[in-house]
Amino acid sequence: MQFSLRQSFSVFITLAIVAGLLSISVVIVGNQNSKQSEKWLTHTYEVLTMSSHLLTSLKDAETGQRGYLLTSKERYLEPYHAGVKSSRDTLQKLFNKTSDNPRQQQRLSELSDLIDQKLQKLEQTVNLAKNGQKAEAMRIVNTDIGRELMDEISALLDAFDREENQLLAQRREKYDAMQYTELITILLAILSLISLMAFATHAVKRRVINPIISLTDQSTNYLPRVKNEFSAQNAATEIQVLANTLQLMSDNLYKVISNLNEDKITAEARAKVKADFLANMSHEIRTPLNGINGTLQLLADEVSTDKGKDLLHKAKYSAFSLITIVNDILDLSKFEAGKLRVEETDFRLSELAEHVMSDMGMLAHKKGLRINFRNKTEHDYWIGDPVRIRQILINIISNAVKFTHHGIIEFTIDHVAGSDEIEFTVVDPGIGMTDEQLSRLFERFEQADRSTTRKYGGTGLGMSITKLLVDLMHGRIDVVSQAGKGSSFNVTLPLKRSQLTIQPRTHTDDVDINLSGKRILAAEDNEINRMIIQEMLRKTGADLALAENGLLAVEEFKAKPFDIVLLDIQMPEMDGLEACKIIKQHNDKVPVIAVTANVLSEDKHRYENSGFNDYLAKPMSKDMLYAKLSEYLLN
């Protein structure tokens, strides 16, 4: 039976929801049963404790009575009276605690009679001694009546304890069985969901991805003057409709090609644009996952061969490329939603330029290029958005490196005389652009030359986002280019002078720093991220404590002194925002750093309001972590 994509998706979602609801229901019921069993276990432990306390209280009363009889000192009456009171109170509590057990109630009734007799004997001897009849009191004590009563009481309590211990063993066995059943149920639910996802992935690949790739290949190999065949084996209904439509279009085009040559050329060009776009996006989607970024940094210390270092560099570059693409798409989405904002904060222009050169210098070096940087500005402190300015420069300079094969790239920062405008200029001797290519430079999803997509990669978003950011800052961007000669990009941004003196940040350049004697607390619910933080700090000499959630981090902070705290934001039990508030209430002198992937302007304001001193953006590099720790622990 053939299902459409919509039907298949509906079935998958339904099964996933049903499996999820069943799993949640089983977990909830199992949790409730476990809590009930745990309650009975606690109840049994309390009963056994009271039983032991009852015997101890009787012995305390007896010890106080004998002390008084032997010494006639009133201070021995205090443990006597306390033991009598405690015995009666404990016995009553045992009656209440075992009200559901008739056999234990019967034992307690017998025990109550014996205890009353025992206490009466004790009281009788104490009263005799008080009235001057100490000899009579000692005679009664030296009889076997008191000892026999205590032996009977001990025997009854032993029987009482044996039954409670049997109940404890049964309840413990039941509790362990419930815990095991709950664990097995959860594992089965997880296995079911994984199996469902694996099946869905296989189905999507078989019925969607493979047919689309096949159709893309067929479109790429399309020949306008012959009869082409379009087919999609095992494809979903909608894709099969697409294949049939393409086949129909091809047949119609074949019929009219001899009479409508101009229309044929236009149709070929459109088909080529579609095929190029699909092939380009298909390539970019396969870029390595962002999650390997931290692990790759740790591997850098383990790899020693030239080949290994080369492979590691390529993997890190792939991760960087994926992060750039994701950021560009998010920026574009935020702009279309009207949520893209620029900040106004104090920053050092020279420090910003150093970060850009650090990122781009290595990229240029790998291609055998050199970037000649000159900073002609005299004033170094400005107010603007350093993150967005850096993004603009990275986009322009990375393009210059990408499209330049040899020579020197000029990067200059200058102050526009008579104004507060800063001018950034990037000149490269690369492949350049024609006037027609230049006219499409800032259009979304466009490359200056469509053939560059396969040769150089990229999504065509970088320059369009650069133009959006420049416009948001009320600046301007001018481009002069000549095919085969190179290009010149000139960005002018109106910035405000800052009167603050910003302390230069410590540059670590991925060199291990010495944090001996420093205690660091890091809270992160993801096991891999905890491992990455631990490995990054292993060689620093710092005393690192790790917590799996905000609640454990707060408990650890209250128990031991720390010099700095790193908190993830989204964690179970207690999130980073709440944990930061509690930590600051306990000690507001210790800096707390947010480590998060949410670094929008509204997120930063939220962190500040919660008490955070600073933040680190994910994915977090080793040098970023070192720089932040150096800033707060070493400067």
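Biologist: In which sense do strand E4 (residues 408-415) and strand E5 (residues 421-428) pair?

Modeller: First, this is a predicted model, where local features need pLDDT of at least 70 and side-chain atom pairs count only at pLDDT 80 or more, while totals for chains, interfaces and linings use all residues. Residues are numbered from 1 along each chain as its sequence is written, and side-chain values use heavy atoms, leaving out hydrogens and water. Strands are DSSP runs of E, at least two residues, and helices are runs of H or I, at least four, both numbered from the N terminus; two strands pair if DSSP finds at least two bridges between them. E4 and E5 have 6 bridges, with Thr 412 opposite Thr 425 in E5, and the sense is antiparallel.

Biologist: Which strands stand at the edges of the sheet?

Modeller: The sheet is open, has mixed pairing, and runs E2-E4-E5-E7-E6. Two of its strands have a single partner strand each, so one side of each is left without a neighbour: E2 (370-375) and E6 (476-482).

Biologist: What angle does the direction of helix H10 (residues 349-366) make with that of E2?

Modeller: H10 packs on the sheet, touching E2, E4 and E5; contact means heavy atoms within 4.5 Å. Angles run from 0 to 180 degrees between N-to-C directions, with axes fitted to C-alpha atoms, for helices over the stretch in contact. Here the angle is about 170°.

Biologist: Where is confidence lowest?

Modeller: pLDDT is the predictor's confidence in each residue, from 0 to 100, and the protein's mean is 81. Strand E9 (residues 519-523) is highest at 96, and the lowest, at a mean of 48, is helix H13 (residues 452-456).
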